[in-house]
Amino acid sequence: MNRQTDVSRRAAMLGAASSGALLWAGEGARAQAQKPSELRIGITTFLSGPASVFGVPSRQAAELLIEQINRSGGIGGVPLRAFFVDEAPGADHLVGEYRRLVQNENVQVVFASISSGSCLACTPLSTELRKTTLLWDCGTQRVFEEGKHPYAFRTQGYGTPEILAPLLYLLKTKPDFRSIGVINQDYAWGRDSWELWKAGMDALKPGVRVVAEMFPRFGSTDFSTEITRLLATRPDVVLSTSWGGELVTLVRQAAERRLFERSTFVLPVAEASMQSLGRAMPAGHVIGARGDHWNNHPRPKDPAAMARFVDGYRQRFNEYPIYPCHHMAQAFSALQAAYAKAIQTKNGGWPNDQELADAFRGLTFDTPTSTITLREDGQGLEDQLVGLSSQGERFPFAVPRDMVIFPAAMVSTPVGQKSVEWLKSLKPDILAQMPAPIAG
Amino acid sequence: MSRRAEALLALLGVAALIFTAWAAPWLRFVLTVALAKGLGVLGLLLLLRAGQVSFGHAMFLALGAYTVAFAAPSVPETLVLLPAAALLAGVAGLLIGLFVVRYRDIFFGMLNLALSMVFYSVLEKFYAVTKGTDGIRVPPLTIAGLEPVRETQEWVMFGLALGLALLCALGVRAYLASPMGQALAGIKTRETRLEFLGVPARRVLLFAYVLSATMGGAAGALIAMTSRHVTPQLAYWTSSGELIFIGILGGAGSALGPFLGAAAFELVRVYAAAAVADAWQMILGGVLLAVILFAPGGLIGILSGRAQQRPAGRA
Amino acid sequence: MTVPLLSARGLRLAFGGVKAADGIDLDVMPGEFLAIIGPNGAGKTTFINMTTGYLRPQAGAIEYEGQAILGLAPRAIVRRGIGRSFQLPQLFTEHTVLENAALAIAARAGIWSPLVPLLRPGYRRDAMALLARFGLEGVAEARADALNEGARKLADIAMAVALEPRLLLMDEPTSGVAASEKMGVVETLVRVLREAGVTAVFVEHDMEVVARFADRVAVWSQGRILTLGPPAAVLADPAVRREVIGIEAAAAHG
Amino acid sequence: MGEWFAENGLLLGLAGLDGLAYAALVFMVAVGLNLVFGVLRIVNVAHGSLFAIGAYTAASIGLFFTAQGLPPAAGYAALLLGAALVGGVLGPLIERVVLRRVYGYEDVLQLLVTFALFMILEDMQKLVWGVQPVFQDSPMKALGTVEVPFGDDTIPFTAYQLFVLPGVAVATLIGLAWFLRRTLTGRVIVAVTTDKEAATAMGIDAVRVTLLTFTFGAALAALGGALASPTTSLVPGIGASTIVLSFAVVATAGLGQIEGAALTSLLIGMGRSAAVYFAPELEVVVPYLIMVAVLLVRPQGLFGVVEARRV
């Protein structure tokens, strides 16, 4: 510690008149906070590039939510104001933007990132700058399993439950499959999700033959070669955790060439692409939503809130909200709950950064469909809803039937364990705990 | 530009940088990255002097950055990692250079592009080693064995980048004025004559290539140490395009150009992104177009009052 | 008997069906000024290109000072003492004349010093002295692409001379030079070359220049040497007058 | 080796069919780029944006036609209309308003001008078409699928992929070759490609040729995009990945060489699909490895001619 202050002092002297700045910028997280005139939130999301398919709807959702919250008096009487940042230029640019949000725009909270890479880059900064950061959409299990981040909280589920739930569903509904082919986007999520799936599958149903492991380039626009290979090798199951335009292209090309008739597809991130696909999505395949917020949720906790959000979004943007919109809503719901808790703890006073972070730890907040609890490591526990795709009258696109709602605790890695190790240790009796399907 | 004007501009620039970094702490980070990129662009400028446009130069920055990311867990010392990254990039530059200096113009540009894309794919594909597009996080580093607090660390990185930028700018200035540097410029106009002066043009270009790769490696290392996170995006072709962009924005006529360009580029990008988060690319494109059409000498050209001077046409 | 400085034997080179060299035998004697004349496409420039390593003949041999030089790179041949100038002057167009000259001076001394300026006092003095020998000191600070043709030709030759060659091959040193300047240019370069004791081979279309300054004349036609001898005899040869000079005269007026 | 072929020969055959369709799309984009480079000597980075805009426009027109109740065959008219519209409007606009101002500038500036255009057009697409995937596959659906025998099995391929894509590419190749060799305008383009100075000296109106070639190249890029649109979903960023691949084709093919572009596209298409089957981790680098290998052996590209250096 002595050494540090030493260097710090020398730098202060070197930097001419900079000692004032050092004091100013070094303002601690524990300083007493004044109630601000507005509650500033930095939101990083994809506004360009292929992932803007997620980023733009979530931004729209954020704007809608902020309007709604502000109309009803803001949070603790303070109106919200969002500062959006594009994730597309890459992590090196984003960490600069994160600093700008904190140090220049003086945001109280940062909502960080769709991309796992962005999250991994931002969470250490949340510790360094002592700024509460909500990981509002990224899914990598590495964040909380490989490090402690006292100021970071994930207000939704993550890769492990999002993969394990569809796997369990498949094992239950199609227990006799013998071979599998995988076609995932070549980036962290595509690779990680396959590693998670394989670990779980090998533990619960050893001996499944992997006939093709394909990781086409991120942003690919054509999968005909991969589809030919899957047609030729005839796996019983095809797994793809792809999303966005790539999933749409994959499903259309595969449907056109009748791959859906030969193999059962498992698509854990299908929900966001169902509207784009419309009637082109074949029925009878396993689809997931990275959560439980399907439009046809059989028993949402607060149907009125669900309808309010969905209809409000539809009215404004002429489309159904997709899962990133729901994840954004969850982040806002958590924010409201945490501020309420912190203000109450302080008897009406405005929380500083430390007090705000303390309020998030162990917080339980409502979503339209359920409640989410933030564990002691910062990870949120979100239920997973998986079903078989079906086309019906109610929606102009596919939604699940024979739905199973997996309780979050059942499919999430316990605190302190690593996902892959935990999945490897699973025993087939976990299938017995699976709730019964709901027709839908 | 006269010597005195250039020296004055450099002094003013340094003063402005230090003042900005002091007055707006969050810009300290942006400016450190800008200085680092400027260093990379300075290397690119050497090749431009020979009339060659490398459309894959970002690979050396990425190499330097990944060197830091891979080595940092075992050797978390800034003063070791920085030269190591530069050295490694220099060696890679020598190996690649031996191949690419045999080619000119579009072939030179495209071969560099191809090699950078191969490197990009390696970073992206070998997930088990490189963590793919997620990238690798760089742990906190020591400086001369000390572990400064964040604030000091930021100043040290800023100072390091600034010092290295000044040193390299002076070095490049001297190099370009030397017979070797002048011969390099000769490659652009009359390569045959060089051969008939008994000067091996390829070796002249190779020297510049290795030098530019080394500076690229140092730049990449600085970026990695500052942003503390590296991704394959650093090697993607658009990153190389960005380096050329900065070079032209700043002006290819002076060793100060790259740094001026990089600072302007990062600031425009940051403010454009803040103002219109989903159309910043269009703003940058517009700025670039305006500079080329109305001030092809770049910012340096504007500052030295020669903005009207059109660049020399193809001979 | 003196030993030839340069000796070419049986050089052959064809581009497609065109024979640019069809058995060239030629000896260049130390100290002489040898003019090469002949119609366009006769293979005159090809001979220079082969001798300087720019083109490789399909057959034959070239010896310089008794050593085979065929297969060496241009810059290796330059280092042995064979210089050349170009029909289209090869100057560094974005550099000043002084810088061009200084680069040539530096090239002789070795350019591998990355931190000392090209225009260091020594090189500047030598370059100015070089330019002064060619009467170019007045345009030293001008950009090379701003010169008139005569000055460009002289600058081009000056750069070759800076390397102190013993043999200089000049490709049409007067082509494109205004008639009023032509004799001045030739007189300047002959004076410099004589002073330096350089042997010269030059391709020339102006018969007056050939008659005044050449010691011997070689007449080229279709890749062969038609005649070789002193100017007075060669230029008086009716066959040469008909085949070469007649065409030249017509071309000059067309 | 023989054993390997016995085992994988059939798969290799399938890979060939896939590679063909892929090669056809690569060729459509690269040949336009190569043509433009031949005449303008500008590496047009915005070529990829023209591909993307062509795809979006064709899809929009196709969707409009479908909404009007026109038959699926009208989808083909939409493809051509989209390509013609983008080529005919954006081509001349870019050439006359922007590029014309920078002829005679240094190469790097010319290249950067198109890079700037690329950045602007990328964001413009987002403003016009949004970020959600757009697709319009009635042309592909109209033709249905073809069962290709595979051992005891059959593999369905879409007729569009099997016949339309390669068919259009071959027709383009033949048509272009005929146009460039047999028509006056074509020969003028070749003359300018070979030696611009000489061609201009001979009285060729380089300004007109340049405009024409650029428009033509833009239309080819847009047609490539239009052809790709029924098979894929259109999202932001498709231009960027298309263009970088075309760069590799141009350098490998030899500048301005259309047959070279065809052969290179075929090599890349086949190489890529073989990689998907047998070495998936190489899929992305195949085009670049082919390029490096070709340039090692033939420094001027497959069909490139050594430019005579005049001394």
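This is a predicted model: local features need pLDDT of at least 70, side-chain atom pairs count only at pLDDT 80 or more; totals for chains, interfaces and linings use all residues.
**Figure 1. The contact of chain A with chain B.** Chain A brings 38 residues to this contact and chain B brings 37 residues. At least two residues of the side of chain A that touches chain B come from each of helix H1 (2-14), helix H2 (19-25), strand S2 (80-86), helix H4 (91-104), H5 and helix H8 (188-204) of chain A. Among these elements, H4(A) provides the largest share of that side, namely nine residues. The side of chain A that touches chain B divides by class into 16 nonpolar, 13 polar and nine charged residues.

**Figure 2. The fold of chain C.** Nine helices and 10 strands are found in chain C. The radius of gyration of chain C is 18 Å, close to the 18 Å given by the globule rule for 254 residues, so chain C is as compact as a globular protein of that length. Along its principal axes, the C-alpha trace of chain C spans about 55 × 40 × 40 Å, and 47% of the 254 residues in chain C are buried. Of the contacts in chain C with a separation of 6 or more, 69% are accounted for by residues 24 or more positions apart.

**Figure 3. The fold of chain D.** Chain D contains 12 helices and two strands, and these follow the pattern α-α-α-α-α-β-β-α-α-α-α-α-α-α when chain D is read along the sequence. A compact globule with 311 residues would have a radius of gyration near 19 Å, and the 20 Å of chain D agrees with this. The C-alpha atoms of chain D fill a box of roughly 65 × 55 × 35 Å along the principal axes, while 58% of the 311 residues of chain D count as buried. Residues 24 or more positions apart supply 78% of the contacts in chain D that have a separation of 6 or more.

**Figure 4. The packing of helix H3 against helix H9 in chain D.** Helix H3 (residues 74-98) and helix H9 (residues 206-228) of chain D pack at an angle of about 145 degrees, and their axes lie 7 Å apart; the crossing in which H3(D) passes H9(D) is right-handed. The residues that meet include D:Gly82, D:Ala83, D:Val86, D:Gly87, D:Leu90 and D:Gly91 in H3(D), and D:Leu211, D:Phe214, D:Ala218, D:Ala222 and D:Leu223 in H9(D). By class, the residues of the contact of H3(D) with H9(D) are 14 nonpolar, six polar and two charged.

Terms used. Residues are numbered from 1 along each chain as its sequence is written. Chains are lettered from A and ligands numbered from 1 in the order in which they are written. Axes are lines fitted to C-alpha atoms, for helices over the stretch in contact, and angles run from 0 to 180 degrees between N-to-C directions. Helices (H or I, at least four residues) and strands (E, at least two) are DSSP runs, numbered from the N terminus. A crossing is left-handed if the near helix is turned anticlockwise from the far one by less than a right angle, and right-handed if clockwise. Two residues are in contact if their C-beta atoms, placed from the backbone, lie within 7 Å. Ala, Val, Leu, Ile, Met, Phe, Trp, Tyr, Cys and Pro count as nonpolar, Asp, Glu, Lys and Arg as charged, and the others, Gly among them, as polar. The radius of gyration is taken over C-alpha atoms; the globule rule is 2.2 Å times the number of residues to the power 0.38. A residue is buried if 20 or more other C-beta atoms lie within 10 Å of its own, exposed if 12 or fewer, and partly exposed in between; C-beta atoms are placed from the backbone.
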